[in-house]
Each structure stands twice: as C-alpha cells, then as structure tokens.
Amino acid sequence: MVELQEMSPCAGLLPVTIGTVTLKEVAPGRMTSLSPFGDASEFGAVLKAAHGMDWPAPGRSTGKEGARCIWFGRGEALLVGPDPDGKLDKLAAVVDQSDAWAVVTLEGAGAVDVLARLVPVDLRDTAFKRGATVRTQVMHMSASITKAGTEQFRIMVFRSMAGTLVHDLKQAMAAVASRE
Amino acid sequence: MRVASKGLIDRSKPVHFSFDGRTYRGFAGDTVASALLANGVTLMGRSFKYHRPRGVMTAGSEEPNALITTGTGARREPNVRATVQEIYDGLVTRSQNAWPSLDVDVMAVNDLAAPFLGAGFYYKTFMWPKRFWEAIYEPVIRKTAGLGALSGESNPDTYERAYAFCDLLVIGAGPTGLMAALTAARAGADVILVDEDSVMGGRLNAESEAVGHQSGALWAAGIVAELAAMDNVRLMPRTTVTGAYDGGMFGALERVNQHTSKRGGGAPLEAFWRISAKHSILAAGALERPVAFQNNDRPGIMTAGAVRAYLNRWGVAPGRRVAVFGNNDDAHRTARDLMAAGVHVVALIDSRAEAEIEGFDGQVITGAVVCNTGGRKALESITVRSEAGEEALQVDCLAVSGGWNPTVHLTCYMNGRPTWREDIQSFVPPPGAIPNMTVAGACNGVFSTHGCLSDGVDAGTAALKALGKKAVAVEVPVAEDADYALVPLWAVAGKGRAWLDFQNDVSVKDIKQAAVENFRSVEHMKRYTTQGMATDQGKNSNVAALAILADATGRGMPETGTTTFRPPYSPVAIAAMGAGAQGHGFAPERHTTSHKRTVERGAPMIEAGLWYRPSYFPKAGETTWRQSCDREVGYVRKAVGVCDVSTLGKIDIQGPDAGKLLDFVYTNMFSTLKVGRVRYGLMLREDGMVMDDGTTARLGEHHFVMTTTTAAAGNVMRHLEFVTQCLHPEWAVSFTSVTEQWAQFAVAGPKARELLNGLLDKEIDNDNWPFMACGDVSIGGVAGRLFRISFSGEHAYEVAVPSRFGAALFDELVKRAEALGGGPYGMEALNVLRIEKGFITHAEIEGRATASDVGMGRMISVKKDCIGKAMAARPGLVDAERPQLIGLKPVSAEGEMTAGAHLFEREAEAVRVNAKGHVSSVGYSPELGRMIGLGFFAAGPTRMGEVVRLVDHLRGVETEVEICHPVFVDPEGERARG
C-alpha cells in the first residue's frame, strides 16, 4: 500500500525572526467551516450543546484554547480544534477546511506595527482585544486575523498563497525592524 | 555665511555633502538650501522656461526655484526641494535644467527670445503643420523646458505603505498644532501629530520671539517632549499630509530615510500612510507671498520670513547687505532680527506711507516700492521708487513680504471653495469643507502667536467635544499678539517682466494677456498661462495672480474666486504610493501542491488568474516546446498522462435546496442527478451570455461539488452569493469554496485505470466506476475522492486528496505514469487535447457567446427557468446568421493558423466589414498531423466542408482553411466510456 507523506502549507518557509517579531507556522488541527442554512440561532444551540461554545458574533471568537469557533464572514464560522459533531450537519453546511488555509502566528513587540504595513484595520489593543477576529486583507490577500494573545496574532490566508504571505510579512518585518 | 550663536543646528557635528561636484560643509540640522547659503552659494537652479538664474526663495516645501536632483545612478531622484532635503554625510546633489552647467547655461538664450515666448505662444505657434506637433515640436520643447530627469533604471529603493488610526489627527506642529495636540492628549484622546518638518514647532523655530518665559523654539521643544512621553500620542515628523479623502481618511508621505544614508536591508526610503481619523485639526499655517516687480527673481531675493528662518533656525545670513521690502508690519521683524544679529540692513522699505516702524534704527523708506533689480547670477542692486524719485541701493539680498496666505489646500480637496477675507487680503477655508475637520491658527487667518496658541486650545477642546471626551484646562502661555496690519500690494507698476509663478515662469504680463484674450475665468487663465500648474501648484503665486486677474477684468476677489487645489499637497513618488507592489509584491502568487516538483522538472510556468501552472515539462534533447507538447499529448492518447487540476474552482454546496440552486444557475437540470454521478453544466449571465461551464458532482442527497474554470472561480462564487442573498434568500442552502482544501489531479489515457488500480486501496472497474461516476476512495488510508470525467476525450479520472497529501500524490502518480509509458503534461498539451475534442474554454466563452453560439442551445432546459434564459431568447441572440462554433483545419497540411485571426469568404477582401468570424483556439494535432482550430463563423454549422480565408493582419498570416465539425478525434466518444 502506498504511503502518502503530509506537507504543511509553509513547509520550508518558516519560522523566521526579524527584529523583535517572530513568524511561525501553526498546525491548527481540524478546521471545519460551519454555514447554517438560514437563521443561526437554532444552530447556535446545537453547537453549544455539542461543543460547549457559542455561535460567534461578527468580529468575535468563542471557545477556549484547543477548541475555538471563529467568526469567518457572513453566516459562516470556523470550528478549529475538535472533530465536528455529527448533529451539526442537519442545520448547516459542515465542510472540512483543515487543508485549505495556511495558518501562521506573528508574535512579539512590534507585531502590531508589522501588520499596520499590510492590513487596513486598526489592530491595536484598544480596538482589537484578545479574541477579536476580522476578515480583511493582508496586502493583496483575503485573510482572517485573530488576536490570539498579548502581541500575538493568528493569520490565515489561502494555502496556495503561503509563499506570498511569508514574502509580504517578511518585507514588513524588515521595514519595521529597520526603524529600531 | 554663518552667524555665530544663532540657529538650531548642531555645530559639533559637521556634515559633508556635494552640490554640482563640489563638496560643501554644513552641520547636522541643515538643509541643502541653508548649507549652500552658509557657503555663499546663492545660484541654485535655472528657471523652467527661460533658464533664468534662480536662488532659493523660501525655507519650506513651497519652494519654487531651488529644485535639485539627489543621488546617483538608479537612485537618482529629481525635483527635490533644497529647502526640504536635509544634508547627511555622502549626500550627492546637483542642479538641473541647465546645460552645460548651472553657471553657464546656453539655454538662457530663451530669455532673450522672451517677447515671443509669452502665454499662449505654443498654442499659437505650433499649430501647423499638424503632424509636426508630436514628431518635432513637443519633443524639442520638452527637451529645452523642464525639470530634472529620472534615471530610466529600475528603482532599487524600498518604499513602505502603512495604515494608522486615531481619534484626532493634528496636521501641522506649529504653535496652533502643538496646543491642539496637547489639549486633546492631556484629556486622553488618541492623537497623531504630523508635521512636514524634521523639527516640530513650525514658525517658532524660525522666529526670535518668546513664548512664556523662554524662546519659542525651546517652548516648542518642551511641548514636543511632553507629547512624546505620552502613550496616547504618536508624533510623525518629516511627514506631509498630502490629501484628505472620504470617511476621515488622509494620505501622508513620511520621509523615513531621505535624511540618512541608510539604504537596503528592508529600510524604507519613504512611507506612504493612510491615516484614518475620527476628527482632524488642520493647523497647516500660512505661506508668505512675494511682491511682483521687475526682475524680482534674481538669486538673493527671498521672502522676508525665509530670511528670518535662515537666520534664526540655521544661523545663516543670506547676504552681507540686506534690504527688506514689505507692505505689512510682519516684514519689520526681518529688519530687526538681522540688525540684532549684526547683519547690515541697508534699508527697510515699506510701501505704506503711514507705516510705523518700531525697534529698528536703520534707514527706513516708507511709501516706497522696489521697482527693479540689477545683477545676473546674483542680486547686486535694487531700485527704490518713492515720491522723491528712483534711487539705486547696492544690496546682495532682498527680503520681500506681500503678506501671508493661509494654507487652505487640504480643505479644498472635497470641493470646498475658500472665502475671501478683506482684512487679511487672503482666502480662508469655509467651515465644514472637510467633514469632522476643525481649521485653526494661521491657516484660518489667525496670525499672531498668542492667537494661534489659544486657537489651538479651542480647536483641541472642540475636537474633544466632538469625540465625546471631557476637556481638561490647558493654560495658554504669554506670547506676541500684534495686529496683522497690511495694505494690499500685488504688483509694482512698471515695464519689464515681474514674476508671479517662479516655477513656471509666468509673469504679470502673461496674466494680463490672458484677460485681454478673454481667458477671464480663473480656470481658463490658469491653463492659458500655466500659472499654478507646476509641481508647487503655485503656492507662492496663486493669490497674487488672482488679484491681478481680478484687477484686469474689473472684478473683485470674491467674484474672481480661486482655481481648484488637488492632492497631493506636495509631490509624492509613485514608488511610495505603490509601495510593496514591486516584484513579487505585485500580486499574490497561488502555487499548487505540485509547484515545487513541477519547477524542479524545468517546466516554464504560465499564470492563470493568480495561479501558476506548467506550460510543458521539457525533456533532455527537446529543443522546442512543440516537441514536449506533442510528446505529452501522446501520453494521454496512448498511455497515461497526469495533470494538476487543483486550480479549477471547487465549490461545496449543501442544504435541502441545493438542487434548486443548481437548477436555477445552470441551464440544464441537476436536481435529478443521481448520487454518485457527475454532470456537465453550462451557466449563463443575466444577459443570456455564457458565464462559465464545468462539472458538478452529487456526493449526497443534499450535497454537491461544483467545479468552475480556473479564471472564473471568483466570479461564479460571487454569482452564487448574489443569487442566494438577493434572489432567493429563503432557500436553505450554503456553499463554501473548497478549491484550496483538495489537491486534484487528472489521470487521463487508456492506462488511467491501470495506474489508479495500483494506487487505490480498493480496485475499480467499468461497472462500479463508469463514465461520469464519482465517489469516495481511499489511497494509502487517506480519504480521497474520485471523479470519472474527461477533458481530453480519453478514459480519464480526476483524483482528489486533502492538500497536505497533494505533493506526495503528484509524485506517486507521475512515477507510476512514467512506468506505464506516460508522464506529466502541461497546459499546452491540455489545450491540444481539448481542441481535438472540441471542448470549449474561455477562449470560446469569452463573454460574447450564447449557448447556441457554442452549439449548446439545447442545453437550456425547456422544463424550468434559469438565470439568463429569458435574455438568451432575444431575437438578436438566436439569429441564425450569428457566428457559431466550428472546427477549422488548413487545406494544406502545412498551413498555419493563429488564434485571433479573422475569417472571410474566399473571394472577399479581407477588411473589417467583410469579417464573417474569427479563430478562437489553435493547436497542432499530432493525431491529424496538422494544425487544427476552433472558431466562430456566421451560420457556421451550415457551411461544413467549405473553404474560407483566414487572415491575421497583425502577424501577417493568410491561410485557406476548411470549416469542419469541431470534434476532430473520436467523435462518438467511445474512448471516454471504455
């Protein structure tokens, strides 16, 4: 029987540290897109019962370390961590996305300044607190950004764009570091 | 020359730079202009049109004359203001627009021809013959008139773009801006303070006055230090706000490393900021305007405020024998400061007979004007005219003030029209010109320092109120609070040329000539004379030019109005606006999981949308792409080929109403498709034209996977959003892009099943996996999907696995294909294979083709409605004479065909009106041993077997071709089912 080896989206590209900021790839585990058919409130109850977390409001993520539900756009959330419960697909499209996204974290003093070079959204602590999430752009790429911790952001772009993500972030990291 | 004990420069840090090949010494804190003046260099440039010698006129970004080129080689940067460029060790600068040198410029002959070169000269002279304009006149004029030149090489510098957000953006850090920022910051607002200068403080750094109990410059430094220590304040020196846009958005250019030698290593030269502010305060100050008189442009003549700035800020006396000429009390300061610094002031000339001069005990001439000057490359004398007659004075510097113009520019960027204020003889911004912007201080016509300080506090307080924050009391320090007294003086009467727009060489005469020729509207006058159209946008000349036009046309200033200021406030390099988009930053590059291996095999990559796909996989000994392509076509026709098709759009559609959605967006029926089966579908736009095509598989009762073409994936997704959000929001259906989740490969050819059966955990055969079947499979324990579909007409499959296994599966497939006499194939082979089968791509469905044009009219189901159905039935779209899909082959086996060529009847002349169709796709068919193609021809299906003319005017190809059925290979479709 053939054995297929796995390869992560950013294999060979990361980690990298420039100045005070580090960019590294994250293995997010199972990622599942949840898109309720119509009203999300009924589905929210099923989600809560099955996984113990609320359906996230726009711009928010719910759950805890290892099992999160991240708002992912209009009528869509991304369940990150657990395998989706079998009851979910009665009321929503449940789609495996574990391999669809390149997931990285940008961490360190100045991470917010690096993102200010690429992202047209206010990501400072005052406006974007821990748990906040946004669908926005990183340079030219459609992205999902979540505040994962103090000076730590989790950034997701299409898997195929991993190389460009690393290129753009490294360029911004170098520019920020040059100002030190 | 330097004046001891004056200036904010650091005399302990000498700095060496060069200008026109000569090395000069300045100090840290100097600009090129101040350092050159300190070295006695007053000639800094040649004028645009007449190549007249010019020196520096101002001390800020409004400078019209002293434009220099910095850097060398590819790093050369033209039209840099010497008044803005700070010096650093190793800085190389040179003058521009002079040949052979600044000192001896032969083009100055233009100045002698000046009587013929006035406003409108080009329009009148170079009208005939018409074709001479582009070929001769314009290139010659451009060569002789102009600014600095670009290097023509690729720009090696790094630029940056960035976003910033704040409660309050304060534009300008003079006394007004500092107090506004302080007021808001102390109350806890999130403040960004921006100033174009390297040192914040504005005019306080250029004056000798006191604020509170210390010098203005020291006071400003103290406030800046307080602000810098606050977490809620961001100071942005060397940053110019270049534009105001909708929604509280501002553009700003930061000169990050223009003042240092730091290059490379990711360090940006400049940064272009987009600043989003809830509220803004414009505290941009005012610009001093000169007075127009004959020969008022000689090096050594500058604004009175600039003379004070060079003296007080940089410790430079711009001359040894200085005269001061003005129409207002403010000009008197210059005479006082110079005298106090020990510089000889020859005379203070005030145009007002009743002017009272305090604190200056040198020669005062009131009720007098300067009416002419002498000298050529430097000012040598001025002529003063008074009731007593004309008197010549020997001077090497003349400080001129015609009053101050509030810097209203930013308030005009959203169509605000400034209003005229008689008392200050200038324009001020109208209230509310920019939403949520407060205008304060000198740019709102408040000209005393105390007035500005308290206006700043008021503006800060108003901003806090607008932001819903509570203000805290801020004390306004004691400062100068003199009245701003002036009597208008725009131009001194007299012969000769009195310059208004120094950068574009526009004189008072030109403005008057425009009025005579009935270009009476300001906008017409501007375009006729080019006044205000230079890179400085006429910052020094606009108001005076309007005053002269108003006078010439017998109207007042308010009726005359102003021209329209537009962003950017000062020039911005395109490189800064496009920062990050050079090279790999231009667009995202989408790579498939097989990308690395494909590139390793030497495949040239082509872009499809943002994706990179292999053109072909060259092998040793092959010298042309055709050899590789023919070989790869052979793999698929004779053995087995492997192609990465992950780039095709894949949309997962789920829900009880999924079938309804598909029936509505596709022309044909999908709700009846059996689970485990795939169907080809055609999708129309609302207007009835074909939008996209592809296959959709039914994986479950409520579960489909739609495929789209690579380039149209985004469009189809958007289309589905539109349908489900706007047309049928009641449907219980959701869809998700799974393009990135699955790595998918075509395995095509007579040995396709043999290859797969060596790989799949459970073997397949023709009964359990017939043509157009689909379902789950397992490959080495990895859950995948298998679709038996064919874009080549051969026995073929597409196999999909989660992307993490994509690279490994590609390797495995290629290895096994090679063992069976096949291998990987690229886009060229894929294209030939599909043309041989008459399968369409976006070369055929390019937006103008209907379903019936591509021979699929009967795919529009009569049993149901679908998007585009009604519009597709319009008479023009069902006309039998429309060009319709046909196959094409050359009559002679060697005949050449090109995509994009037009088709004509055999005997018709090959001109546009006779075109009967065109060629959409061509390729060389190894199976037929000749080129084949697809195209469109009027009523084409009725013309089978006829010979027509193919003409490609662009590439000079003409071939006799035969119209044939578009399916060249296996028309019965036996192979795909086998």
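Because the model is predicted, local features need pLDDT of at least 70 and side-chain atom pairs count only at pLDDT 80 or more, whereas totals for chains, interfaces and linings use all residues. Residues are numbered from 1 along each chain as its sequence is written, while chains are lettered from A and ligands numbered from 1 in the order in which they are written.

**View 1. The contact between chain A and chain B.** Chain B contributes 44 residues to this contact and chain A contributes 43 residues, where two residues are in contact if their C-beta atoms, placed from the backbone, lie within 7 Å. On the side of chain B that touches chain A, the elements giving two or more residues are β8 (158-171), β34 (649-654), β38 (734-737), β42 (796-802) and α20 (806-819) of chain B; helices (H or I, at least four residues) and strands (E, at least two) are DSSP runs, numbered from the N terminus. Among these elements, β8(B) gives the most, with 7 residues. Sorted by class, this side of chain B has 20 nonpolar, 15 polar and 9 charged residues, with Ala, Val, Leu, Ile, Met, Phe, Trp, Tyr, Cys and Pro counted as nonpolar, Asp, Glu, Lys and Arg as charged, and the others, Gly among them, as polar.

**View 2. The two domains of chain A.** Chain A is divided into domain 1 (16-27 + 99-177) and domain 2 (30-96), with bounds that come from an automatic or database domain assignment. The centres of the two domains, taken over C-alpha atoms, are separated by 23 Å, and each domain gives 8 residues to the contact between them. On the side of domain 1 of chain A that touches domain 2 of chain A, β9 (133-138) and β10 (141-149) of chain A each give two or more residues, and the largest share, 3 residues, comes from β9(A).

**View 3. An open sheet in chain B.** This sheet of 3 strands has the order β21-β22-β23 (chain B), with antiparallel pairing, and two strands pair if DSSP finds at least two bridges between them. At the edges stand β21 (369-374) and β23 (389-394) of chain B, each with a single partner strand, so one side of each is left without a neighbour in the sheet. Strand β22 (residues 381-386) of chain B is joined to β23(B) by 6 bridges, and B:Thr383 has B:Ala392 in β23(B) as its bridge partner.

**View 4. Strand β44 of chain B and its partners.** In strand β44 (residues 883-890) of chain B, 6 of the 8 residues are buried, so the strand is largely enclosed by the rest of the structure; a residue is buried if 20 or more other C-beta atoms lie within 10 Å of its own, exposed if 12 or fewer, and partly exposed in between, with C-beta atoms placed from the backbone. An antiparallel pairing of 6 bridges joins β44(B) to strand β47 (residues 930-938) of chain B, where B:Gln884 stands opposite B:Phe937. A further antiparallel pairing, of 4 bridges, joins β44(B) to strand β49 (residues 957-964) of chain B, and there B:Lys889 stands opposite B:Glu962.

**View 5. A:Val157 in the largest nonpolar core.** This core has 344 residues, and A:Val157 is one of those that touch the most other members; a nonpolar core is a set of buried Ala, Val, Leu, Ile, Met, Phe, Trp, Tyr and Cys residues joined through C-beta atoms within 7 Å. Apart from its neighbours within four places in sequence, A:Val157 is in contact with A:Trp101, A:Ala102, A:Val138, A:Met141, A:Ala143 and A:Leu165.
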